[in-house]
Amino acid sequence: MQQLKKIIKIFFSKIIGLIIFLIILGILNIIAPIINNEILINITSLLNANIILILLFSLFFTLSELFFALVFPFNLPAPIFNSFGSIFLITFLFNIIAFVSTTLNLGLIKILNTFYILIIVIVFLITFITGYITIFSKGVKKTTKTIKQTTENIKHITKAIKEKQKTKIQKSKTKTKNKKEKFKKVPSEKTTLKDVKDEIKKKK
C-alpha cells in the first residue's frame, strides 16, 4: 500500500511539473512576439525546437523513478530508462551550449561535435552501471536485514522453548519432591502409633 502511494506521488508530481513547464512555454510563445525582445524570442525558439527532447527525457526519467520505487526484481528496468533519459538530456544540454555559442560567437560547435558521441557513451555507461550497483546493493542490504531478523526470531523462539522446558522440569522436580515428602510422613505416623501401643502395654 505504501509502495503504491509512492508510485502515485511520483507519477502525479512529474505530470504536474511537465504541465507547468508547458504552460510557461505557452505563455512565452504569447509574450515573446509582443515584447519583441531578441533574447526572449531566441530562448522560446530554442525550447520549441527541443520540445520533443524535453518530453522524451521527462518520460524516460519518470519511468525510471517509477521502476526504482518498485521492489526487486521489478525495479531492474529502471537503469535502462534512466540511461536513455540521460542521452536525451545530454543532447538537450548540447543544443543549449550550441545556442549560447552561436549567439555569443564562441565557436564551440566544432569541439562539441567532436566529443558529442564520446560523452553520450560515457554518460550512458556510468548511468547504467551505477543504476544496477544501486539496485543490487539495496537488495543485498535488504537480504542481510531479513536474515538478521530471521536469526533474531529463531533465537527468541529457541529461548522460549528452553524456558518452557525448564519450567516443566522444575514442575516435575517439585512433584517428585512432594511425593517423597508424603512417603516420608507415612512411616513416621506408623512409628508413632507403634510407640503409643508399646506404652499402653507397658502401663498394663
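The model is predicted, so local features need pLDDT of at least 70 and side-chain atom pairs count only at pLDDT 80 or more, while totals for chains, interfaces and linings use all residues. Residues are numbered from 1 along each chain as its sequence is written, and side-chain values use heavy atoms, with hydrogens and water left out.

## The chain as a whole

The secondary structure comes to five helices and zero strands. Helices (H or I, at least four residues) and strands (E, at least two) are DSSP runs, numbered from the N terminus. Along the sequence the pattern reads α-α-α-α-α.

The chain has 204 residues, and 16% of them count as buried. Buried means under 20% relative accessible area, exposed means over 50%, and partly exposed lies in between (1.4 Å probe, protein chains only). The accessible surface of the chain is about 16000 Å², and 70% of this belongs to carbon and sulfur atoms. These areas come from the Shrake-Rupley method with a 1.4 Å probe; for residues, only the protein chains shown count as cover.

Contact means heavy atoms within 4.5 Å. Among contacts between residues at least 6 apart in sequence, 66% join residues at least 24 apart.

## Helices α1 and α2

Two packed helices are described by the angle between their axes and the distance between the axes. Helix α1 covers residues 2-35 and helix α2 covers residues 38-49; their axes come within 9 Å and cross at roughly 140°. Axes are lines fitted to C-alpha atoms, for helices over the stretch in contact, and angles run from 0 to 180 degrees between N-to-C directions.

On the α1 side of the contact are F21, L25, L28, N29, I31, A32 and I35, and on the α2 side are L40, I41, T44, L47 and N48. The residues of this contact divide into nine nonpolar, three polar and no charged. Here Ala, Val, Leu, Ile, Met, Phe, Trp, Tyr, Cys and Pro count as nonpolar, Asp, Glu, Lys and Arg as charged, and the others, Gly among them, as polar.

The loop between α1 and α2 holds N36. Most residues other than glycine have a negative phi. N36 has a positive phi of about 60° although it is not a glycine. N36 counts as exposed because its relative accessible area is 60%.

## Helices α3 and α4

Helix α3 (residues 51-68) has 18 residues, and its first and last C-alpha atoms are 26 Å apart, close to the 26 Å expected at 1.5 Å a residue. The expected span of a helix is 1.5 Å times one less than its number of residues. Helix α4 (residues 78-104) has 27 residues and should therefore span 39 Å; its end C-alpha atoms are 39 Å apart, which agrees.

The buried residues of α3 are L53, I54, F57, F60, T62, S64 and L66. What covers them includes α1, α2 and α4. In α4 the buried residues are A78, P79, S83, G85, S86, I90, T91, F92, F94 and S101. After α4 comes N105, whose phi is positive, near 55°.

## Single residues and their contacts

| Residue | In contact with |
|---|---|
| I10 | E65, L66 and A69 |
| N50 | F92 and N95 |
| I51 | F21, L22 and L25 |
| E65 | I10 and K14 |
| S86 | F61, V123, F124 and T127 |

I10 is found in helix α1 and counts as buried because its relative accessibility is 12%. I10 and L66 are 56 residues apart along the chain, and their C-alpha atoms are separated by 6.8 Å.

E65 belongs to helix α3. With 34% relative accessibility, E65 counts as partly exposed. The C-alpha atoms of E65 and N82, 17 residues apart along the chain, are separated by 8.2 Å.

N50 lies in the loop between α2 and α3. I51 is found in helix α3. Between the C-alpha atoms of I51 and F92, which are 41 residues apart along the chain, the separation is 9.4 Å.

S86 sits in helix α4. Its relative accessible area is 7%, so S86 is buried.

Notes
Lists of a residue's contacts leave out its neighbours within four places in sequence.
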